[in-house]
Amino acid sequence: MYDLIVIGAGPGGYVCAIRAAQLGLKVACVEGRETLGGTCLNVGCIPSKALLHGTHMLHEAHENFEKMGLITPEITVDWQKMQGYKAETVAGNTKGIEFLFKKNRIDWLKGWASIPEAGKVKVGDQVHETKNIVIATGSTPAPLKGVTVDNEAGRIVDSTGALALKQIPKSMIVIGAGVIGLELGSVYARLGAEVTVLEYLDVITPGLDGEVQKQFQKMLTKQGLKFTLGASVQSAEVAGDQVKVSYALKQDDSAHEISADVVLVATGRRPHVEGLGLDALGVTLTDRGFIQVDKHWATSVKGIYAIGDAVPGPMLAHKAEDEGMAVAEVIAGKHGHVNYGVIPGVIYTTPEVANVGLTEEQAKEAGRKIKVGKFPFMGNARAKAQFLGEGFVKLIADAETDRILGCHIIGPSAGDLIHEVCVAMEFGASAEDLALTCHAHPTVSEAVREAALACGGGAIHA
Ligand code: NAD
């Protein structure tokens, strides 16, 4: 009899299993993939970061090497080797989780799980008994009407297929200007593909701060990505060596067609809850198909919990990890807590885009009186020395109390810089607290301090 069986070994599930084992519980984790780590490590965050890094280096070499007096022979891309580097990066991480499971005495039950009844988990022919179950089954790409994905054929692909194309396409159509579309679209644009992004809304990256959206689109356009906004995709069909995409422009309902070698469908993901037997168990789902949970991640059935992409909230690995740790604490009789107001989001393009807390638009909509402190990276010596002077830090604070409400960064190391603001927000800091904190010179982090100064007496270098 286990104390806990976790279903799914992605960032939510494996972190939950490790924390529960650390808290003294007897734990097993069910995973049907050949390797641990879920979508994130196998076909998501990690392989995409390898390709983003490799192609970022290529971009640096093309754009900036000569400016620094680095004269190299022409750099060519060995796609198979880059794929090998990606595979090694993934393997290093998935094996690392296997090691952590052994170290923490967590049993890996290999196979796909279902829950015949509370307290029982079936894997293959075997039924395992457990006091608690955590469902951490993640998400899968949401299907798009009129478009059939075939990752094997490599012509109409989702993110998994796009990470493993057999060759670099000359042209690519990306459906959806969200995180996946722009990260993977940038990879192929840097590799020389002509990339056209079709987005249903009138802005890219819905939900981000409006100024960031505009700046981001401008910078990606400069890098060669083409955008058609307000475009509702109707269908995609393979026609010979091209894929034809039909779409309607929302503004006048006009019909258009466009073709490319490859089409990437990146129009969102949906919770992966099929095959578990949730219906028969009476586990309540939301109207959008997520597992409904209370503030302790308990489902409607006693002893069954759920976390990560399978439950409502941002579909982010680190949100799942936090929930995994917290629910393990709850199951072990301690206090688990996640502060949903301070969950950073990062888009790993060049430049990176990062955000936490309220956008200016959300703060105003909520009727809050705010101060906005903005600082351009052009005023930051370190960023300029690295040809990274585009972009800005935007800090939002309460007009009366000066408490930090949000931060939006587009520019160098945005994904790392955002965390000093996250820590500040966790401690309920004011913009002045950040402004009075000494930041080493010359670092790009000075731009965050300058934005905080801009919320008060004014930035120095702007
Ligand atoms: P997304 O929700 O970020 O973006 C999907 C985009 O597709 C939206 O802009 C939407 O308006 C558009 N769209 C939807 N239907 C369309 C249509 N018919 N025609 C044209 N455009 C259409 O989804 P995603 O990029 O697929 O990512 C899925 C999830 O994975 C997200 O929750 C994302 O946060 C997460 N993710 C995060 C990271 C990261 O944190 N760096 C990386 C990858 C994925």
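Predicted model: local features only at pLDDT ≥ 70, side-chain atom pairs only at ≥ 80, totals over all residues.
Residues are numbered from 1 along each chain as its sequence is written, and side-chain values use heavy atoms, with hydrogens and water left out. Helices (H or I, at least four residues) and strands (E, at least two) are DSSP runs, numbered from the N terminus.

Start with the sheet. It is open, has 5 strands and runs in the order β8-β15-β9-β10-β11, with parallel pairing. Two strands pair if DSSP finds at least two bridges between them. Strands of a sheet pair through backbone hydrogen bonds, either parallel or antiparallel. The edges belong to β8 (156-157) and β11 (226-229). Each has a single partner strand, so one side of each is left without a neighbour in the sheet.

Now follow the pairings. β8 and β15 run parallel, joined by 2 bridges. Here Val-157 has Leu-264 of β15 as its bridge partner. β9 and β15 also run parallel, joined by 4 bridges. Met-172 is bridged to Val-262 in β15. Strand β10 (residues 194-199) pairs with β11 in the parallel sense over 4 bridges. Leu-198 stands opposite Thr-228 in β11. Helix α6 (residues 179-190) packs on this sheet. It touches β9 (171-175), β10, β11 and β15 (262-265), where contact means heavy atoms within 4.5 Å. The direction of α6 makes about 165° with that of β10.

Which way do the side chains of β15 point? Val-262 and Leu-264 point one way, Val-263 and Val-265 the other way, and all are buried. Buried means under 20% relative accessible area, exposed over 50%, and partly exposed in between (1.4 Å probe, protein chains only). In a regular strand the side chains alternate between the two faces of the sheet.

Next come two helix pairs. Axes are lines fitted to C-alpha atoms, for helices over the stretch in contact, and angles run from 0 to 180 degrees between N-to-C directions. Helix α1 (residues 11-22) packs against helix α9 (residues 317-331) at an angle of about 30°, with axes 7 Å apart. α1 and α9 are therefore roughly parallel to each other. Angles under 35 degrees count as roughly parallel, over 145 as roughly antiparallel, 65 to 115 as roughly perpendicular and the rest as oblique. On the α1 side, the residues that meet α9 include Val-15, Cys-16 and Arg-19. Among their counterparts in α9 are Ala-320, Glu-321 and Gly-324. The contact residues divide into 9 nonpolar, 2 polar and 3 charged. Ala, Val, Leu, Ile, Met, Phe, Trp, Tyr, Cys and Pro count as nonpolar, Asp, Glu, Lys and Arg as charged, and the others, Gly among them, as polar.

The other pair is α3 (residues 45-63) and α4 (residues 79-103). They pack at an angle of about 140°, with their axes 9 Å apart. That makes α3 oblique to α4. Residues in this contact include Ile-46, Pro-47 and Leu-51 of α3, and Trp-79, Met-82 and Tyr-85 of α4. The contact divides into 8 nonpolar, 6 polar and 1 charged.

Turn to α14 (residues 446-454). Its buried residues are Glu-446, Ala-447, Val-448, Glu-450, Ala-451 and Ala-452. What covers them includes β20 (370-376), β21 (392-398), β22 (404-411), α12 (414-426) and α13. Ala-431 lies in helix α13 (residues 431-435). It counts as buried, at 1% relative accessibility. Ala-431 touches Ala-452, along with residues including Leu-395, Ile-404 and Cys-455.

Most residues other than glycine have a negative phi, and most peptide bonds are trans. Yet the bond from His-441 to Pro-442 is cis, with omega near 0°. Pro-442 lies in the loop between α13 and α14. The bond from Thr-350 to Pro-351 is also cis, and Pro-351 lies in the loop between β18 (345-347) and β19 (352-357).

Arg-105 is not a glycine, but has a positive phi of about 55°. It sits in the loop between α4 and β3 (107-110), and counts as exposed at 73% relative accessibility. Phe-387 has a positive phi of about 60°. Its loop runs between α11 (381-385) and β21. At 36% relative accessibility, Phe-387 counts as partly exposed.

Key: Lists of a residue's contacts leave out its neighbours within four places in sequence.
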